[in-house]
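The sequence and the structure are shown first, and the description follows.

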Amino acid sequence: VLELWEEAIKESELAVSLSPNNAESIWMLAVTYTRVGRAKEALSLLEKAIRLNPMPPNPYLHEIGTCLRLMGRYTEAIAVLKKVLNRSPDYLNSRLNLIATYVMFGDKEAACIEAAEVLNQSPDFSIARFLKHFPYKDQKILDALRESFRIAGLPE
């Protein structure tokens, strides 16, 4: 599995080196860095992608929220994720990211409100099904997400 992560980094870095001003390639490298535990580097790349594309699509902002959460910058992460949800209320991944951020920030009540909205939008949601194809190199990140979702009242 380690080889796959290294290959993903290598390929993403190659894409950026071949087209250094391509915001999408930079975003994809940032996503890869986030998944392997390099959130600070990913955030820097995301800022560059936004300079190149000043009307960033929601996935860019979602990933910024993820980086900020992973860096423990919860208040900033909440603000960014709310921005995504104001634009696109059905963006399930950002709502789930917001739930985890609220729990980690210590606001269980807000997390539960967001969890109710997840179940309203997706009544058959399950933590196990969601996390099954959710890649992170560090299992502790997935475990923290799972626990946050449980605390907010989402079904396993």
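In this predicted model, the side chains of Glu-63 and Arg-35 meet in a salt bridge, with 2.7 Å from N to O. The pair links distant parts of the chain: Glu-63 belongs to helix H4 (residues 58-70) and Arg-35 to helix H2 (residues 23-35), 28 residues apart. Glu-63 and Arg-35 are both buried.

The structure holds seven salt bridges. Three of them, including the pair just described, are set out below.

| Salt bridge | N to O distance |
|---|---|
| Glu-63 and Arg-35 | 2.7 Å |
| Arg-38 and Glu-41 | 2.8 Å |
| Glu-114 and Arg-95 | 2.4 Å |

Arg-38 counts as partly exposed because its relative accessibility is 26%, and Glu-41 does so because its relative accessibility is 38%. The limits applied here are under 20% for buried and over 50% for exposed, so values in between are called partly exposed.

Glu-114 and Arg-95 form another salt bridge, their closest N and O atoms lying 2.4 Å apart. Because Glu-114 is in helix H7 (residues 108-121) and Arg-95 in helix H6 (residues 92-105), this pair ties together parts that are 19 residues apart in sequence. Glu-114 and Arg-95 are both buried.

The cysteines come next. How many disulfides does a search of the whole structure find? The search finds zero. Cys-67 has a relative accessible area of 0% and is therefore buried, whereas Cys-112, with a relative accessible area of 30%, is partly exposed.

A search of the whole structure finds one cavity of 30 Å³ or more. The largest cavity contains about 80 Å³ of space. Its lining includes Arg-35, His-62, Thr-66 and Arg-69, along with Asn-93, Leu-96 and Asn-97. Also among the lining residues are Phe-130, Phe-134, Tyr-136, Leu-145 and Phe-149. Helices H4, H6 and H9 (139-151) each supply at least two residues of this lining. By residue class, the lining of the largest cavity divides into six nonpolar, four polar and two charged residues.

Since Phe-130 lies in helix H8 (residues 127-132) and Phe-149 in helix H9, the pair ties together parts that are 19 residues apart in sequence. Phe-130 counts as buried because its relative accessibility is 15%, and Phe-149 is likewise buried at 1%.

Which residues form the aromatic cluster? Phe-125, Phe-130, Phe-134, Tyr-136 and Phe-149 form one such cluster.

How values were computed:
Residues are numbered from 1 along each chain as its sequence is written. This is a predicted model: local features need pLDDT of at least 70, side-chain atom pairs count only at pLDDT 80 or more; totals for chains, interfaces and linings use all residues. Side-chain values use heavy atoms; hydrogens and water are left out. A salt bridge is a side-chain nitrogen of Lys or Arg within 4 Å of a carboxyl oxygen of Asp or Glu. Helices (H or I, at least four residues) and strands (E, at least two) are DSSP runs, numbered from the N terminus. Buried means under 20% relative accessible area, exposed over 50%, partly exposed in between (1.4 Å probe, protein chains only). A disulfide is a pair of cysteine sulfur atoms within 2.5 Å. On a 1 Å grid over the protein atoms alone, a cavity is a set of points where a 1.4 Å probe fits but cannot get out, and a pocket is an open set with protein on both sides within 12 Å along at least five of seven lines; lining residues have an atom within 4 Å of a point. Grid points are joined across faces, edges and corners, and a volume is the space filled by probe spheres set on the points. Ala, Val, Leu, Ile, Met, Phe, Trp, Tyr, Cys and Pro count as nonpolar, Asp, Glu, Lys and Arg as charged, and the others, Gly among them, as polar. Rings of Phe, Tyr and Trp (its six-membered ring) pair if their centres lie within 6.5 Å; planes under 30 degrees apart count as stacked, over 60 as edge-to-face and the rest as tilted.
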